[in-house]
Amino acid sequence: MDTISTDVVIIGAGGAGLRAAIALAETDPTLRIALISKVYPMRSHTCAAEGGAAGVIKSDDSFDLHFDDTVGGGDWLSDQDCVEYFIHEAPKELLQLEHWGCPWNREADGSVAVRPFGGMKKKRTWFAADKSGFHILHTLFQTSLQFPSIIRYDEYYALDLLVDDGRCQGVTALEMRSGELRQFHAKSVIIAGGGAGRMFPFSTNGAIKTGDGMAMAYRAGAPLKDMEFVQYHPTGLPNTGSLLTEACRGEGGILVNKNGRRFLQDYGMGPETPVGKPQLKTMELGPRDRVSQSIWHEIQKGNAVSTPWGECVLLDMRHLGEKYIDERLPLVRELCASYLQVDIVKDPVPIRPVVHYMMGGISTNTKAATPIPGLFAAGECACVSLNGANRLGSNSLVELLVFGRRAALSAIEHMQGLPAANTAALNARAEQTQVRIRELFSRTGGTESMSGLRKEMMDTMEKNAGIYRTEEGLQEGVSKIHELRQRYGKVILTDKSNVFNTDLFQMLELGSMLDCAEAVIVGALARKESRGAHQRLDYVDRDDKKFLCHTMVHYQGLDVPRVDYLDVVITKSPPGVRDYSGDHK
Amino acid sequence: MTQLKQIRVQLEVLRYNPDTDTEAHFQHYDLTCPEEWVVLDALNKVKADIDPTLNFRWSCHMAVCGSCGMMINGEPKLSCHSFVRDYEGTVIRVEPLAHFPIERDLVTAPDDFMEKLKRVKPYIIRKDKKPISEGEYKQTPAQLMKFRQYSMCINCMLCYAACPEYGLTPDFIGPAALTMAHRYNQDSRDCGRAERQEVVATHEGVWECTFVGACSEVCPAHVDPASALQQMKITSSIDWIVEHLIPGGKSAGDTVSREKAGDIK
């Protein structure tokens, strides 16, 4: 097996991974940086983010307001020291992107424009039409091309972390083109591998969002934190699950039921605001968890519109007019026209809530450090506890910049004065990956089909760990996912080729998703309260006495994982009431 | 609840595995699916239910990640944006993107494009950098509109598969990479045009383009690379005239970057 010796390995080349790589290269041009990704960087799922990125920039805004919106939006499960760090770094990172060429929309005077977003008291979302994530990703990728010290390993599938002497010192990865296994030895490792939304059948997430980075850290002993908090975006296209950005509502789109009623006013987010004049932090600009939950209730009440893809409500943007829609929401118009054959200029579009984002992930602190020395994580794969129980739209694009950079700085700090690596021990650890992959190829006699197992996992997650959850459903789900993890060991690889074997990659991805799915559902069963995106029909209230704490799920091989808890960091905002009633006090 | 109309889809997919095949061959797959499906959905159904050994790239399923470019009935297309209903009653022939080497099945090697993209220096180049604490570089909506369209490129490489010139002359930098050079040249924050001209204004660069316009026809992001290349030819010609025919003339690249730097103090 070839060994690549380097200083820092980054796993994942989306927004967080690229930001980390650039920060490393800028801080110390002598560092050797290996940037590994299972896709070419511009394919990373950051590209699908639409609405924008939040940072205090305008004179009517303040850090305190961004703090309050984020902490309240997160239902007080955010670590407040983390939020404090984040809000101050956010505008600097967005300006840095501006200096690197990001095509932010502008005001007439040439300053950066901001738009309203759900759960935010002020307009503070920087945007590049409705392709903000796309432009952030491409700006970062293109900027990274000027640094010769960033060596990319495109289409390398990372497998196992190399942990020795209590420190993370590298990773094994398959070159997808040749099927050859390589090992990377490094002083620091940063995981920026994205979320795991593909464990659900109906998701905005691209095919690559299979939790590989999360699972890799989890198997190596880093706990997964707050995994039960899965964000449903309220407005997904009902057939493909494609995201229709929150900016649809930020720009003035309204949600109505089959009777034409703006039903959000019936769920504590009223009174009704004038059509086309969105008011911040109320009605259609409520937070995602509340809006998605309201849609669920409307469907239960029989107020939904029936479509071939299930029960929906309607997103109406007609009053915005063609010119404004084409300027601010061109991608949304195109997506609805192509995939649903609805022109949003002329007709309302049916939508339903869709799995969008994992608040949980690899447990990290405000320095982006995991409990394993030498291992850092940033972006959706990490849970730095910025987003708490419900992320506000437009905080995550900034999160991956702020904590991507922070992970890089921490990685450099960690390198100082390290003892020499025990190469023989690392080689032995890497050999275990080789054995694992060989076993997949040589396995015989199994009867399980991979696509069948994957479907069972997705159906279980949707049925038992969806927007609303119950003890009975979660118990059933825990048993089922546990059973699927056992059966996974009997899946047979149909394709035994070495060259770009997507049968193999999908098999590995399924393993990652099953590990992450178990952490989600076990955490959900243990959390007997309702908070943010985790809603229990049998425990309807938030319980700050018992559950003002982070769920920590620890890997136990094929056994059910162990769960314990970590206190939430509260610095200045004690848990309070989430009020999205606008002027109606 | 209304039911979606189901239609029969016949796929003829190019297969090639360098491990075992001496040459590529077509494989036929027959399936029934809702008429709203895209070709990518059909390929995914084949992989899940019929033939797990079929290989192709995809991710976002919304025409923004640029992974799933293929030749569909001879045209470069994103398979996530090609609707089976448009091919009803015919056999859909699916092949890997033209002009790129095949790694396996529908997976091609984009190494050449990746290298060319890097060569055009697709990033902001400045002589003076101001600190973040001094805020943003001002850019009016009109200045933004000068390059925004060209920043929409998703790097799907359909334009390379469509470009007859790239097929004949692999050294040609090609539509998407040249367009990216133009995108930065047109950005009021950038001063790098003179540096990029060393790659762009050459016979591997814009002068190789014969303005067939196929790149713009197939572009799924409406970037219109052909217009970018035409604009670059014009400005490169003006550079030549200034340098060679006007006594004491400096290259337009230098002049433009100084002007733009002045714009944005």
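How many of the 25 residues of helix 14 of chain A are buried?

Figure 1. Of the 25 residues in helix 14 of chain A, 22 are buried, and the helix is mostly covered. A residue is buried if 20 or more other C-beta atoms lie within 10 Å of its own, exposed if 12 or fewer, and partly exposed in between, with C-beta atoms placed from the backbone. Helices (H or I, at least four residues) and strands (E, at least two) are DSSP runs numbered from the N terminus. The end C-alpha atoms of this helix are 36 Å apart, which agrees with the 36 Å that its 25 residues should span at 1.5 Å a residue; the expected span is 1.5 Å times one less than the number of residues. Residues are numbered from 1 along each chain as its sequence is written, and chains are lettered from A and ligands numbered from 1 in the order in which they are written. As the model is predicted, local features need pLDDT of at least 70 and side-chain atom pairs count only at pLDDT 80 or more, whereas totals for chains, interfaces and linings use all residues.

**Figure 2. The largest nonpolar core.** This core has 254 residues, and A:Ile10, A:Ala20, A:Ile190, A:Ala217, A:Ala377 and A:Ala378 have the most contacts inside it. Its largest share, 14 residues, comes from helix 14 of chain A. A nonpolar core is a set of buried Ala, Val, Leu, Ile, Met, Phe, Trp, Tyr and Cys residues joined through C-beta atoms within 7 Å.

**Figure 3. Surroundings of A:Ala217.** Not counting residues up to four places away in sequence, A:Ala217 touches A:Leu161, A:Ile191, A:Ala222, A:Ile362, A:Thr370, A:Leu375 and A:Ala377. Two residues are in contact if their C-beta atoms, placed from the backbone, lie within 7 Å.

**Figure 4. The contact between chain A and chain B.** Chain A and chain B contribute 46 residues each. On the side of chain A that touches chain B, helix 3 (80–99), helix 4 (132–144), helix 9 (330–340) and helix 14 (502–526) each supply at least two residues. Helix 3 of chain A gives the largest share, five residues. This side of chain A has 18 nonpolar, 21 polar and seven charged residues; Ala, Val, Leu, Ile, Met, Phe, Trp, Tyr, Cys and Pro count as nonpolar, Asp, Glu, Lys and Arg as charged, and the others, Gly among them, as polar.

**Figure 5. Helix 7 of chain B.** Within residues 193–200, B:Arg193, B:Arg196, B:Gln197 and B:Val200 are buried. The buried residues of helix 7 of chain B line one face of the helix, because they fall within an arc of 115 degrees seen down its axis; the arc is that of the directions from the helix axis to the C-beta atoms.
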